[in-house]
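Visitor: Could you walk me through this one? I keep hearing labels and would like to know where they come from.

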Amino acid sequence: MTTWILAGLAVALVVGGLYAVFRDGRGPSSSTATSERFQVGSPGPGDPAPDFTLPATDGQDVALDDLRGENVLLYLHEGLGCQPCWDQIRDMEQDPAQLAAAGIDRLVSITSAPRDLLAQKMRDDGLQSVALADPTLAVIRAYEANKYGMMGDSRAGHTFILVNGDGQIVWRADYGGAPNYTMYVPVEDVLADLQGNRLDS
């Protein structure tokens, strides 16, 4: 009888511990969350941003290294099937002064859509910011943004990463993970999270 009681207590402790871990937004594959709204994946603040070169919707290749000297906000998202993701870009583009006040020089979105379809979607939605195609998920996987979405690891989730002019990550927010699988965050919330948690603030 005592063995059964001890076994029951051990199970209760394990379940309670797992509940505590997942309740506050942390899972075994993510680092400590800094907000109830998002997790922080890896590479994260303080790490060098992995360089990349991807085709943009204008037909030119864009390398992250080419943007040195600018604070670049990378937005890695689900892509064509996620209209809230495109609404996110639209709403962020509507007030460039607000982005500049938050220390963002350039918004760059990355999705796994092929370049031609991505270009068509940007035209259809009247979007102007830099949009890059990563159909092989090479960059999305390098940033582990595919660990925070509802599509398994086949697409990015809803990840923002601020890279400073020296190529260092100074803020990261993975909004798209379990249990909420967020696909849109009000711009004021994104900017408040950025300004309240960035490494160089």
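This is a predicted model: local features need pLDDT of at least 70, side-chain atom pairs count only at pLDDT 80 or more; totals for chains, interfaces and linings use all residues.

Visitor: What makes E3 and E4 a pair?

Guide: Two strands pair if there are at least two bridges between them. E3 and E4 have five, in the parallel sense, so they count as paired. Tyr-75, for instance, sits opposite Ser-109 of E4.

Visitor: And what joins E4 to E5?

Guide: Four bridges, and those two strands run parallel. Ser-109 turns up here too, with Ala-131 in E5 as its bridge partner.

Visitor: How do you know that the buried residues of H4 line one face?

Guide: The buried ones are Leu-118, Ala-119, Lys-121 and Met-122. Looking down the axis of H4, they fall within an arc of 165 degrees, so they line one face of the helix. They pack against helix H2 and the strands E4 and E5. On the other side of H4, Arg-123 and Asp-124 are exposed.

Visitor: Why is Glu-78 said to have no salt bridge?

Guide: Glu-78 lies in the loop between E3 and H2, and is buried. The nearest side chain of opposite charge, Arg-155, is 4.9 Å away.

Visitor: What does Glu-78 touch, then?

Guide: Leaving out residues up to four places away in sequence, its contacts include Cys-85, Thr-111, Met-150 and Arg-155.

Key
Residues are numbered from 1 along each chain as its sequence is written. Side-chain values use heavy atoms; hydrogens and water are left out. Buried means under 20% relative accessible area, exposed over 50%, partly exposed in between (1.4 Å probe, protein chains only). The arc is that of the directions from the helix axis to the C-beta atoms. Contact means heavy atoms within 4.5 Å. Lys and Arg count as positive and Asp and Glu as negative; His and the chain ends are not counted. A salt bridge is a side-chain nitrogen of Lys or Arg within 4 Å of a carboxyl oxygen of Asp or Glu.
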